[in-house]
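Here is a short briefing on one protein model.

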Amino acid sequence: MGIVAWILIGLLAGAIAKALTPGRDPGGCLLTIVIGIVGGLLGGWLGKVIFGVDSIKGFFHLSTWIAAVVGSVIVLLVYRLVAGRRSS
């Protein structure tokens, strides 16, 4: 159930990350969903590894959502770097 929870959080976190980071993205809605899911999973993993927090248990906790959004922003910025180099 933990992975499913992070996927659900990731869907919303991807949209929030895209709204927080200005600029155009070379992807559409489907890419936002994928970035959100990957970012949510990354944020949950980083929270567990770096801070020792089992954030998957706290679906409605603010720290869970912050970790997901931060992870999504990281993935989005990395994607922009990679996609920007490819299109240039």
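A nonpolar core is a set of buried Ala, Val, Leu, Ile, Met, Phe, Trp, Tyr and Cys residues joined through side-chain atoms within 4.5 Å. Buried means under 20% relative accessible area, exposed over 50%, and partly exposed in between (1.4 Å probe, protein chains only). This is a predicted model: local features need pLDDT of at least 70, side-chain atom pairs count only at pLDDT 80 or more, and totals for chains, interfaces and linings use all residues. Residues are numbered from 1 along each chain as its sequence is written, and side-chain values use heavy atoms, leaving out hydrogens and water.

**Core**
- Six residues form the largest nonpolar core: Ile9, Ala13, Ala17, Ala68, Val69 and Val73.
- Helix H1 (2–20) and helix H3 (62–87) are the elements that give two or more residues to this core. Helices are DSSP runs (H or I, at least four residues), numbered from the N terminus.
- Leaving aside neighbours within four places in sequence, Val73 is in contact (heavy atoms within 4.5 Å) with Ala17 and Thr21.

**Thr64**
- Thr64 lies in helix H3.
- Thr64 counts as buried because its relative accessible area is 1%.

**Surface**
- Val4, Leu8, Leu11, Leu12, Ile16, Leu20, Leu30, Ile33, Val34 and Val38 make a nonpolar surface patch of about 860 Å². Patch residues have over 30% relative accessible area and no salt bridge, with nonpolar side chains (Val, Leu, Ile, Met, Phe, Trp, Tyr) joined within 5 Å and like charges within 9 Å. A salt bridge is a Lys or Arg side-chain nitrogen within 4 Å of an Asp or Glu carboxyl oxygen.
- H1 and helix H2 (29–51) each give two or more residues to the nonpolar patch.
- H1 gives the most, with six residues.
- Leu11, found in helix H1, is partly exposed because its relative accessible area is 34%.

Definitions and conventions:
Accessible areas come from the Shrake-Rupley method with a 1.4 Å probe; for residues, only the protein chains shown count as cover.
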